[in-house]
Structures are given as structure tokens and as C-alpha cells.
Amino acid sequence: MHRWHRPLAVLLLTSTAALTPAQAAEYSRFVADRSHIQFAYRQMGVPSEGRFRKFSVQFVFDPGKPAASRTLIEVDPASAETGVKDVDEELKKDAWFDVRRYPLARFESSQFRALGGGRFEIAGRLTIKGRTRDLTVPMQPRMDGGAIVLEGSFPLKRLEFGVGTGSWSDTATVADDVQVRFRITLNPTS
Amino acid sequence: MKTPYTSTAIALHWLMAVLLFMTFPLGIYMHDLPLSPEKLKLYSYHKWIGVTIFLLACLRMLWRLRHPTPPLPRSMPDWQQKLAKGIHHLFYLLLFLIPLSGWLMSSALGVQTVWFGLIPLPDLVGEDAALGEWLKAAHKALNILLLIGVIVHVAAAVKHHVVDRDDVLARMLPFLK
Ligand code: HEM
């Protein structure tokens with residue numbers, strides 16, 4: 001997994017820091033330590049959260065040219081972290097992410113669309129545990145220093161991806177609905 | 001015959017006794033289970049019943065402050081009177097502290113308590129694994145104390161009824177009369 005991450009180039013960005021998204025050109029250098037992918041769910045009515053510690057991001061985003069934007073995000077499901085050790089171990093097993101057979105979940109964009117008001121929509125395909133679904137993800141970019149921060153969230157149904165099978169498919173215990181929240185920070189293409 | 005305990009006090013006593021006989025064995029049974037939907041359910045039931053006990057204990061303390069208990073039989077030796085009252089006071093303390101330690105433990109371990117899956121209780125402490133483990137040990141120790149107290153309490157009640165043949169059990173269990 002490669003991360004487009006060249007810290008040295010950050011120093012060169014001071015001159016572009018004041019640019020607005022509309023003016024700026026292309027952003028593509030992923031800043032891992034200012035990015036995250038989190039998920040929220042409910043078990044027995046208790047709101048719970050987790051995150052993926054490992055994921056790789058290839059992203060080209062140009063606010064002025066959405067059609068030229070694209071992304072491929074790959075997530076290591078074995079890196080899911082909920083704060084409860086037993087749960088983290090359980091998530092690796094066959095009934096959940098089955099990480100031995102499906103070591104990567106991925107999202108690949110097919111189209112970026114500007115929605116107006118500074119908002120965008122990414123259509124693409126999400127693959128978890130070998131099952132692929134079409135997905136449309138709303139996204140709101142904002143500037144942070146010279147970098148652009150892409151933030152959004154979308155709901156998904158874990159059972160559509162076969163995540164939590166067998167006795168775990170009981171949605172009265174663990175809800176079917178999972179909300180995914182992401183923040184992807186990109187520096188301009190140098 | 002006079003009615004020494006109010007019916008409210010009697011109802012609260014037996015309601016809490018039943019709930020304790022549910023949640024105590026549940027606590028012991030559930031914590032060694034491997035993670036499963038069953039375990040998540042049992043943990044939640046344990047917490048819901050525990051929180052219910054907590055609220056009933058608060059109610060009961062308020063009631064008790066306004067409605068003193070009837071005196072114990074004069075025939076009881078002084079040490080028995082002291083022991084009986086001491087255990088009753090210990091129960092009030094434990095029925096407050098045990099659920100409280102469970103609630104705080106859950107918060108410290110990063111799992112909010114949501115009463116009956118509907119009413120979220122505030123997390124009074126933040127996530128803190130070390131504090132969580134400490135509270136878990138406290139929860140367990142307080143429960144051992146409760147178990148010892150309950151054994152003495154039940155044994156004494158039976159002894160009053162069977163050996164002393166006084167009305168100590170009957171006044172809390174009116175259908176014995
Ligand atoms: C009067 C009420 C309660 C009683 C009698 C009670 C009793 C017990 C007992 C006997 C255990 C087993 C201890 C052990 O062997 O380690 C236990 C464990 C536990 N209790 Fe309670 N409990 C009460 C209330 C609560 C409440 C209100 C909560 C949380 C909101 C709670 C959370 C827990 C948890 C999480 C465990 C398992 C700890 C572990 O994972 O080892 N309890 N309880």
C-alpha cells in the first residue's frame with residue numbers, strides 16, 4: 001500500500017495557503033496523520049464508535065474540475081479499533097470481516113459531481129467482504145492551511161455486505177445501520 | 001395487629017430482592033462468556049436491572065427517612081440487634097454503591113449505559129482503562145460483601161421464624177401470618 005505522502009513538499013506550500021478551493025488546482029498528496037475513517041453503530045441501544053487504523057488513499061481532487069477527480073481508498077478491516085479488545089478480535093473473524101479471506105475493503109470512485117454551495121458528491125463502488133455495492137457519498141471540502149480537507153459521512157447496512165452473519169445477524173443486538181465518517185486531507189499536487 | 005412496615009416498604013423490599021436474585025447470578029454468569037449476541041444481551045439486562053435497583057434504592061432511602069422501621073423484638077440480645085441494624089445499613093450503602101460502581105465502570109471502559117436501550121445515562125467519568133479495571137474489582141468486592149450480608153440476613157430471618165417464632169419475618173412477609 002503506497003501513501004502519497006512527501007512531507008518535504010509541505011514546506012513549499014506556504015505560498016498557496018491563501019488560495020480558495022475554486023482557485024486552487026489539484027490536490028493529491030495524502031496526509032495520513034490528518035485523515036481518518038470512523039464508523040458508528042449501536043449495540044443494545046448503546047451508541048458505539050470505532051475507526052480503522054490502517055487505510056491507503058489515492059486521491060486526485062480538483063474542486064474546479066470534478067470530472068477530472070478520482071479516488072481509490074483501501075481499508076484494512078483487521079485494523080478496526082473500537083476500544084473494546086474482545087470486539088476488535090471478534091471483528092476479524094469469519095462472521096464479521098473475515099480478514100483472512102478478505103484482507104482489504106475498497107472504495108473506487110466512478111464520478112465526482114459538484115452539487116453547488118461548495119458541496120460534492122462521489123459516486124462509486126464500495127466492496128466489503130467481497131460484496132460490491134454502488135454508493136454515493138456526499139462530501140464537503142474545506143481549506144486548512146495549504147491543504148484541502150474532504151469530510152463527509154454516509155450510512156450503510158452491514159448485512160448487505162455480509163458483515164456479522166450467523167447469530168450476529170440479529171439486528172436487535174447489533175443494529176444493521178452503520179454510519180461511516182471520513183476525513184481525508186490532501187496537499188496540493190506539487 | 002399493628003402494621004409495622006408500610007406496604008410501600010414491603011413492596012420495595014421484595015421487588016428489590018427479586019431483582020437482586022436476577023442480576024447477581026447474571027453478573028457472575030455473564031462475565032466469563034465468550035463474546036456473542038447472547039453476552040451483549042445479558043450484559044445489557046444486567047445493567048438495566050442494576051440501574052433499576054439503583055433508582056429503587058434511592059426511592060427506598062427517601063421513604064425510609066420519613067418512615068422509621070418498627071423496633072426489633074425486645075427479646076433479641078443487644079449484639080443481634082446491632083448486627084441486624086448494621087447489615088440493614090450496609091445494604092442501603094451497597095445497593096447504592098454497587099450499581100454506581102457498575103455504571104462508572106461501564107463509562108470508564110468506554111461503553112455508555114443506556115437504560116432499557118432507551119434512556120442514556122451520562123458518562124460521569126471519561127474513558128480510562130485503569131480506572132475501569134479498578135472499578136471492576138470494586139464492583140466485585142462490594143458484591144462479595146453483599147453476598148455475605150444476604151446470607152446472614154436470610155439465615156437470621158429464617159431463624160426468627162422457625163426457632164424464635166417471633167413476627168420478624170412475618171411483618172415483612174405479611175402472607176405468613
Ligand atoms: C445492585 C445491582 C448490581 C448487582 C447486585 C451486581 C452484581 C454483579 C456481580 C455479582 C457481578 C460479577 C462480578 C465478578 O464476579 O466479577 C457483576 C459484574 C458486572 N456488573 Fe454488576 N451488579 C449490579 C449493578 C450493575 C450496574 C448498574 C452495572 C452497569 C451499569 C453493572 C455492570 C457490571 C459489569 C459490566 C460487570 C462485568 C464485569 C466484568 O466484565 O468482569 N452492574 N455485577
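Six donors count as octahedral if opposite donors are over 155 degrees apart and all others between 65 and 115. In this predicted model, the iron atom of the ligand has six donor atoms, with angles of 87 to 179 degrees among them. The site is octahedral.

Two histidines of chain B coordinate the iron atom of the ligand. B:His46 lies in helix H2 of chain B, whereas B:His139 lies in helix H4 of chain B, residues 129–164. The pair is 93 residues apart and links distant parts of the chain. Both B:His46 and B:His139 are buried.

The chain around this site was examined next. Chain B holds four helices and two strands. Along the sequence, the pattern is α-α-α-β-β-α. The C-alpha trace of chain B spans about 55 × 25 × 25 Å along its principal axes. Chain B has 177 residues, of which 44% count as buried.

Helix H2 of chain B, which carries B:His46, also packs against helix H1 of chain B. H1(B) covers residues 7–30, and H2(B) covers residues 37–66. Their axes lie 9 Å apart and meet at an angle of about 150 degrees. Angles over 145 degrees count as roughly antiparallel, so H1(B) is roughly antiparallel to H2(B). The contact of H1(B) with H2(B) has 18 nonpolar residues, along with seven polar and two charged residues. The crossing of H1(B) past H2(B) is left-handed.

Notes
Residues numbered from 1 in each chain as written. Chains lettered and ligands numbered in written order. Predicted model: local features only at pLDDT ≥ 70, side-chain atom pairs only at ≥ 80, totals over all residues. Heavy atoms only, no water. Axes fitted to C-alpha atoms, helices over the stretch in contact; angles between N-to-C directions. Parallel < 35°, antiparallel > 145°, perpendicular 65-115°, else oblique. Left-handed = near helix turned anticlockwise from the far one by under 90°. Nonpolar A, V, L, I, M, F, W, Y, C, P; charged D, E, K, R; others polar. Donors = N, O, S within 2.8 Å, 3.2 Å for Na, K, Ca; no water. Tetrahedral: all angles 85-135°; square planar, octahedral: opposite > 155°, others 65-115°. Buried < 20%, exposed > 50% of the residue type's maximum accessible area, 1.4 Å probe, protein only.
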